[in-house]
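Here is a short note for a colleague opening this structure now. Please read the points in order.

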Amino acid sequence: MKSILVATDFSPAAFNAIDYAADMAIAIKADLLLLHVYQIPVSYSEIPVVMNQDDIKQVAEKDMKELKEKLIREKNAGLKISTEVRLGAFYPELKIVCENIKPYTVIMGSQGTTAAERFFFGGHAVYAMKHLQWPLITVPPGVSFSSLKKIGLACDFNDVVETTPIDEIILLVNDFKAELHLLNTGKQEVFDPGMVYQAGLLREMLNELKPQYHFINCENIDDGLIDFSEKKHLDLLVILPKRHGLLDKLMHKSHTRQLVLHSHVPVMAIHL
């Protein structure tokens, strides 16, 4: 049985991501796991504040129970929902849960509406996208799930056999009966025999999906991808983290904020 894991900090951005995840789970008949990771606050004030770990956990579990009941009332589609509240640092705990359940995908809000939400939850999303070995979707505020009709795959056509998770891409496209658009982030005006050869290999591997090919000619890769995704009304932009590849270029600090935190289209990272 497929399972979708959605992480929440109970912020508006996280609630939106949960709603997106629930609708996606219904669409592909997957189970939904709601995860909240909390830490014991540290007080730096002169007046000591006693924080009771059990109280913090009970409040979180109460909030999760109410959230689950709310989803069941609103979705009313036989969606199987489970919850988990864990103490610890966010990413290590997220990784442990993923290793236990092996999710179809992890879903997080890409940013919040307040400066604090953008800093804390947005930072978690960026770090997880770079390091988590399970597929991860970051959902922009206000974006809802209806279907994935158009999926864009950003590729720099370098070492495609070794760095492209073909099985995962085929599964994703077939699960949603989507169109696949391959976005070449190289320079179209520069003839590169090696790139032509790599493009041919990728075409052969993804031939059954009949992808459409596009060239993104833009000085800033992230700007080009975001602009294309919005103009072509993509439902999902997929990037492939790999050493010395596209995500390394994107994950420069300014590019990270632009792509993950500023995109109006959900972004998915799939690791090989």
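1. Contact here means heavy atoms within 4.5 Å. In the protein chain, residues 24 or more positions apart account for 83% of the contacts with a separation of 6 or more.

2. This is a predicted model, in which local features need pLDDT of at least 70, side-chain atom pairs count only at pLDDT 80 or more, and totals for chains, interfaces and linings use all residues. Residues are numbered from 1 along each chain as its sequence is written, and side-chain values use heavy atoms, with hydrogens and water left out.

3. The protein chain has 10 helices and 10 strands (DSSP runs numbered from the N terminus: helices are H or I with at least four residues, strands E with at least two). Of its 272 residues, 51% count as buried (under 20% relative accessible area, with a 1.4 Å probe and protein chains only).

4. An open sheet of 10 strands runs E3-E2-E1-E4-E5-E10-E9-E6-E7-E8, with mixed pairing (two strands pair if DSSP finds at least two bridges between them). Strands E3 (81-87) and E8 (212-215) stand at the edges with a single partner strand each, so one side of each lacks a neighbour in the sheet.

5. Strands E9 (residues 236-239) and E10 (residues 267-269) pair in the parallel sense over three bridges. Val238 has Met268 in E10 as its bridge partner.

6. Which helix holds Glu93? Glu93 sits in helix H3 (residues 90-101). At 13% relative accessibility, Glu93 counts as buried. Beyond its neighbours within four places in sequence, Glu93 contacts Val37, Arg86, Leu87 and Gly88.

Note on methods
Buried means under 20% relative accessible area, exposed over 50%, partly exposed in between (1.4 Å probe, protein chains only).
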